[in-house]
Amino acid sequence: MRYIWGGVSTYGIDCSGLVHLAWRRLGVRLPRDADDQAAATTPLELGEERPGDLYLFARPGRKIHHIGIVTARAGSGGPRRMLHACYNLRRVVEEPLPAERNATLVGVHRV
């Protein structure tokens with residue numbers, strides 16, 4: 001699926017739209033925007049994440065600007081991985097956290 005800022009349809013989706021729709025499909029209602037999704041979920045210590053949890057990203061002094069779904073248990077012998085709607089690649093991808101994402105990773109939350 002391709003990336004469209006604010007998208008929540010088959011035409012395109014953004015990062016928080018992906019999280020919103022994935023959880024809605026499971027019968028769980030989450031807010032639409034990443035910073036609101038962070039406020040509506042439970043913080044964990046980094047390293048406690050498991051698939052289905054949420055990685056949150058922000059620049060210093062700023063609100064959450066990106067969110068992704070954890071796809072691999074932390075410490076499983078590989079890098080942190082997530083499913084997210086990537087603005088740079090303009091599509092939804094499952095990948096190891098790139099360097100710029102590791103640099104802005106501010107937390108992990110559980111729904």
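Analyst: What follows is a set of questions and answers on this predicted model.

User: Why is Asp53 called buried?

Analyst: Asp53 has a relative accessibility of 3%. Buried means under 20%, so Asp53 counts as buried. Asp53 is found in the loop between strand E3 (42-44) and strand E4 (54-57). Leaving out residues up to four places away in sequence, Asp53 touches Leu44, Glu48, Gly68, Ile69, Val70, Val108, His109 and Arg110.

User: What makes the approach of the Asp53 side chain to the backbone nitrogen of Arg50 a polar contact?

Analyst: The side chain of Asp53 reaches that nitrogen of Arg50 at 2.9 Å. The cut-off for such a pair of N or O atoms is within 3.5 Å, therefore the pair qualifies.

User: How do you know that E4 and E5 pair?

Analyst: Pairing needs at least two bridges. Four bridges join E4 to E5, so the two strands pair, and they run antiparallel. One of the bridges sets Leu54 against Ile69 in E5.

User: What makes E5 and E6 a pair?

Analyst: Two bridges join E5 to strand E6 (residues 81-86). The requirement is at least two, so E5 and E6 pair, again antiparallel. Ile69 stands opposite Leu83 in E6.

User: Why is strand E5 described as mostly covered?

Analyst: In E5 (residues 66-70), five of its five residues are buried.

User: What places Arg101 over the face of Phe57?

Analyst: Arg101 lies at 5.7 Å from the ring centre of Phe57.

Methods:
Residues numbered from 1 in each chain as written. Predicted model: local features only at pLDDT ≥ 70, side-chain atom pairs only at ≥ 80, totals over all residues. Heavy atoms only, no water. Buried < 20%, exposed > 50% of the residue type's maximum accessible area, 1.4 Å probe, protein only. Polar contact = N/O pair within 3.5 Å; in protein donor to acceptor, adjacent residues only side chain to side chain. Contact = heavy atoms within 4.5 Å. Lys NZ or Arg CZ within 6 Å of the ring centre and 35° of its normal.
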